[in-house]
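Work through the following exercises with the sequence and the model at hand. Each task is followed by a solution in steps.

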Amino acid sequence: MSPNFKDKTVIITGASAGVGAACARAFAAHSANLVLVARGQAGLDKIASELSPICDVYTRAMDVADTAQCIALMEEAEKQYGTVGILINNAGMHSRGDVEKVPVDDLAAMVDINLRGPIVLSRAAIPYLRKSNGAAIVMVGSLAGRAPLQGAATYSATKAGLRAFTYAIADELK
């Protein structure tokens with residue numbers, strides 16, 4: 001029996017390529033309403049044109065590190081579809097290299113995009129998800145969050161933090 005996502009609203013960050021686009025394709029195949037988020041509109045337009053013939057797609061170019069945009073996203077999704085059923089926190093950034101050589105702005109961006117963004121988005125989504133039957137928050141992590149990699153100290157730290165947040169919020173929301 002295949003899962004029923006017909007008319008369920010799914011928000012996916014980092015949706016224009018890679019894992020995010022693959023998630024979008026999978027949910028589209030099950031007739032979900034998609035809210036696709038990424039930094040660049042061009043990538044969103046490309047995936048939206050691919051998926052629009054099989055499901056409803058709403059795109060939003062934004063930075064998940066911007067708190068106001070995260071809050072506005074939930075309001076827009078509810079206005080567009082009436083509910084929010086699933087949030088997939090997939091957007092990520094990795095600036096490889098030893099900490100002392102990675103630009104300071106890149107270190108901060110990794111923390112903001114990989115950890116703070118999903119925390120803020122999850123917080124913003126909870127009131128909307130509570131109104132939906134079978135709601136879920138999905139965090140896309142990395143093995144680097146369990147076994148840190150050389151040249152990925154900050155990235156590994158953000159993914160370990162995301163893992164800890166995931167367990168904690170699951171406990172809070174059960």
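**Exercise 1.** Determine which residues of α4 meet which residues of α5, and describe how the two helices pack.

Step 1. In this predicted model, Leu107, Met110, Val111, Asn114, Leu115, Pro118, Ile119, Ser122 and Ile126 of α4 meet Thr154, Tyr155, Thr158, Lys159, Gly161, Leu162, Phe165, Ile169 and Leu173 of α5; contact means heavy atoms within 4.5 Å. Helices are DSSP runs (H or I, at least four residues) and strands likewise (E, at least two), numbered from the N terminus.

Step 2. Sorted by class, this contact has 12 nonpolar, 5 polar and 1 charged residues. Ala, Val, Leu, Ile, Met, Phe, Trp, Tyr, Cys and Pro count as nonpolar, Asp, Glu, Lys and Arg as charged, and the others, Gly among them, as polar.

Step 3. The axes of α4 and α5 (residues 153-173) are 8 Å apart, at an angle of about 15°. Axes are lines fitted to C-alpha atoms, for helices over the stretch in contact, and angles run from 0 to 180 degrees between N-to-C directions. The two helices are therefore roughly parallel, a term for angles under 35 degrees.

Residues are numbered from 1 along each chain as its sequence is written. Because the model is predicted, local features need pLDDT of at least 70, side-chain atom pairs count only at pLDDT 80 or more, and totals for chains, interfaces and linings use all residues; side-chain values use heavy atoms, with hydrogens and water left out.

**Exercise 2.** Describe the packing of α1 against α2.

Step 1. Helix α1 (residues 18-28) packs on helix α2 (residues 41-51) with axes 11 Å apart and an angle of about 20°. That makes α1 roughly parallel to α2.

Step 2. From α1, Ala21, Ala24, Arg25 and Ala28 meet Ile47, Glu50 and Leu51 of α2. This contact comprises 5 nonpolar, no polar and 2 charged residues.

**Exercise 3.** Find which elements supply the largest nonpolar core.

Step 1. The largest such core has 28 residues, and those with the most contacts inside it include Ile11, Val35 and Leu121. A nonpolar core is a set of buried Ala, Val, Leu, Ile, Met, Phe, Trp, Tyr and Cys residues joined through side-chain atoms within 4.5 Å; buried means under 20% relative accessible area, exposed over 50%, partly exposed in between (1.4 Å probe, protein chains only).

Step 2. β2 (33-38), α3 (67-81) and α4 (104-129) each give two or more residues to this core. α4 gives the most, with 9 residues.

How values were computed: Angles under 35 degrees count as roughly parallel, over 145 as roughly antiparallel, 65 to 115 as roughly perpendicular and the rest as oblique.
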